[in-house]
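Subject: Structure for your review

Dear colleague,

Please find below the structure that I am handing over to you. I would be grateful if you could read the notes after it with the structure open.

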Amino acid sequence: MNLLCDKTPETITVSGVDYKINTDFRVWIKFELILTEQIDDTLSAEILAEIQKLVFRTPCPMNEETVEAILNFYRCGKPPEKHSSSNSNGKAVFDYDYDDGYIYAAFMEQYGIDLNDAKLHWWKFRALFQSLNADCMFVRILGYRSMPITSKMSTADRNFYQRMKKLYALPLPQSVQEKYNAIEDALLSGKSVDELI
């Protein structure tokens, strides 16, 4: 598939049968959010049912081939690679929920696209998303979050990037925050934290 030469797909093929899917970028952002909320790599029957309902316009059997076809569409027909929302340390540098305003503003500023009203295929959205200008606020924030702070930096640069990282830090995942809260509560009430660590 080549965005320059071919029409964007509207179906996923499973066992030689084409199944109509929801191609809107909002659906696939929700799909990514579902995947990133998973603590491990296994997908429960409930999660698979949620994905099936979200992705397909016509009923499709959920099996390993279907999951691979869904992931292929999600990757815009490209081979698997490192997740685009993380840096080389595997730490997330953006979150569709937390950064929604920055992403919305970047599309409006650069492309004149109001994402609230836009009918945009996932593959087109991803192409535009990956090509956002370095001078837009969202991309600058990504740079702050992913900037490695090293001893080779000047003190002023190190202080600046530490402030920016703190200012624009993503919130902790809910499960991690709940664990921190439980440890804090245990410490404040004089209880042992051994089973929490």
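Predicted model: local features only at pLDDT ≥ 70, side-chain atom pairs only at ≥ 80, totals over all residues.

Residues are numbered from 1 along each chain as its sequence is written, and side-chain values use heavy atoms, with hydrogens and water left out.

Helices (H or I, at least four residues) and strands (E, at least two) are DSSP runs, numbered from the N terminus. In helix α2 (residues 45–55), the buried residues are Ile47, Ile51, Leu54 and Val55; buried means under 20% relative accessible area, exposed over 50%, and partly exposed in between (1.4 Å probe, protein chains only). Seen down the axis of α2, these buried residues fall within an arc of 85 degrees, so they line one face of the helix. The arc is taken from the directions from the helix axis to the C-beta atoms. Ala45, Glu46 and Lys53, on the other side of α2, are exposed.

A salt bridge is a side-chain nitrogen of Lys or Arg within 4 Å of a carboxyl oxygen of Asp or Glu, and by this rule there are three salt bridges. One of them joins arginine 145 to aspartate 99, with the closest N and O atoms 2.7 Å apart. Arginine 145 lies in helix α6 and aspartate 99 in the loop between α3 and α4, so the pair ties together parts that are 46 residues apart in sequence. Aspartate 99 is buried, at 0% relative accessibility.

Yours sincerely
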